[in-house]
Amino acid sequence: MNLASPASACMLEAPAKVNLTLNVLGKRDDGYHELETVMHQIGLTDKISLKRGGSGIRVGSNSPLVPQDEENLAYQAARLMYDKFALQAGLQIYIEKNIPVGAGLAGGSTDAAAVITGINDLFGLQLELNAMLELGARIGSDVSFCIMGGTALARGRGEILSPLAEGPELTFVLVKPDFQISTRAVYQMFRRENVASPPDTAAFLAAWNNCDMISIARKMNNVLESVSLSEHPEIMAIKHQLVELGAENALMSGSGPTVLGLFLSRRQAQQAFLQMQREYKESFLVFSYRKGGVNGGKAPHSG
Ligand code: C5P
């Protein structure tokens with residue numbers, strides 16, 4: 001990016017995430033929960049376009065489910081950067097929404113992450129990665145991870161990140177049942193005593209570092225299932241269906257309701273996807289997102 005002649009527009013890819021493990025260690029004084037979770041970016045992406053000009057910050061989308069006001073995390077990210085860096089000129093944000101909304105896939109957070117990296121570039125701010133991660137954490141617990149990308153162990157609210165080795169390329173079938181879940185509500189209902197067996201994060205990390213696919217699959221575990229599965233038996237039914245169709249394991253992502261089936265065979269995954277798609281229109285065959293961070297870690301396409 002050339003400070004003397006900044007671009008007036010850019011396009012960014014904003015990938016979704018899944019949680020391969022998620023443990024809740026306790027409740028914090030600030031009302032949030034202390035987490036230990038392995039997050040992994042997948043190749044299901046929104047497309048974000050940013051255009052300087054006009055007046056104020058405006059949000060548009062092809063999806064009626066995306067809020068076009070201050071409630072939108074992408075709007076909040078832009079507002080934060082405009083205020084902090086006293087940016088002038090308006091900004092038009094357009095979100096081509098492909099990631100299901102209210103799904104446990106960080107769809108809103110990744111759009112906000114794309115806006116932070118995009119504004120950094122469009123306005124030639126030259127912020128370091130750590131500065132952007134810190135801005136992201138102010139918008140939401142998952143935003144920092146979406147900026148950093150790849151695979152990471154996240155602690156704290158989810159914003160304290162330790163990047164993991166690239167690991168194996170994973171093949172998933174994702175299935176989102178036709179309802180949304182409020183993350184806040186799931187955390188409010190969470191009770192540690194209702195968790196039968198919490199994740200063994202150390203064992204998962206060992207499996208990850210050894211690229212041991214069978215152990216990775218076996219050690220996938222999310223304690224928030226203890227809330228969402230009893231509230232929504234359909235999630236359990238989808239887990240069973242995916243395993244019957246050949247998934248090595250199936251797990252709810254984040255606070256749900258999306259279920260991810262991990263497959264060792266791409267052919268089996270393809271067949272399972274076609275089968276699940278008959279019943280659930282929001283089914284996806286996806287792979288690990290290997291390009292690293294929002295927009296694959298590359299400078300956005302400028303215009
Ligand atoms: O940070 P974010 O806005 O994504 O979180 C949504 C809600 O989920 C929070 O308002 C909080 O109720 C809950 N949450 C939590 N502990 C976390 C992350 C989220 O209790 N670590």
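Helices (H or I, at least four residues) and strands (E, at least two) are DSSP runs, numbered from the N terminus. Ala86 lies in the loop between α1 and β4 (91-96). Ala86 has a positive phi of about 45°, although it is not a glycine.

This is a predicted model, in which local features need pLDDT of at least 70, side-chain atom pairs count only at pLDDT 80 or more, and totals for chains, interfaces and linings use all residues. Residues are numbered from 1 along each chain as its sequence is written, and side-chain values use heavy atoms, with hydrogens and water left out.

**Helix packing**

Two packed helices are described by the angle between their axes and the distance between the axes. Axes are lines fitted to C-alpha atoms, for helices over the stretch in contact, and angles run from 0 to 180 degrees between N-to-C directions.

Helix α1 (residues 73-84) packs on helix α2 (residues 107-122) at about 30°, with the axes 7 Å apart. That angle makes α1 roughly parallel to α2 (angles under 35 degrees count as roughly parallel, over 145 as roughly antiparallel, 65 to 115 as roughly perpendicular and the rest as oblique). The crossing of α1 and α2 is right-handed, a term for a near helix turned clockwise from the far one by less than a right angle.

Contact means heavy atoms within 4.5 Å. On the α1 side, the residues are Leu73, Ala74, Ala77, Ala78, Met81 and Tyr82. They meet Gly108, Ser109, Asp111, Ala112, Val115, Ile116, Ile119 and Asn120 in α2. The residues of this contact divide into 10 nonpolar, three polar and one charged. Here Ala, Val, Leu, Ile, Met, Phe, Trp, Tyr, Cys and Pro count as nonpolar, Asp, Glu, Lys and Arg as charged, and the others, Gly among them, as polar.

α2 also meets helix α3 (residues 129-139): their axes come within 10 Å and cross at roughly 140°. This crossing is right-handed. Ala112, Ile116, Thr117 and Asn120 of α2 touch Met132, Leu135, Gly136 and Ile139 of α3.

**Ligand site**

Residues around the ligand (a heavy atom within 4 Å) include Gly31, Tyr32, Leu35, Gly140, Thr183, Arg184 and Tyr187. Polar contacts are pairs of N or O atoms within 3.5 Å.

| Residue atom | Ligand atom | Distance |
|---|---|---|
| His33, polar side-chain atom | oxygen | 2.8 Å |
| Ser141, polar side-chain atom | oxygen | 2.5 Å |
| Arg157, backbone N or O atom | nitrogen | 3.0 Å |

**A cis peptide**

The bond from Gly256 to Pro257 is cis, with omega near 5°. Pro257 sits in the loop between β9 (249-252) and β10 (259-263).

How values were computed. Polar contact = N/O pair within 3.5 Å; in protein donor to acceptor, adjacent residues only side chain to side chain.
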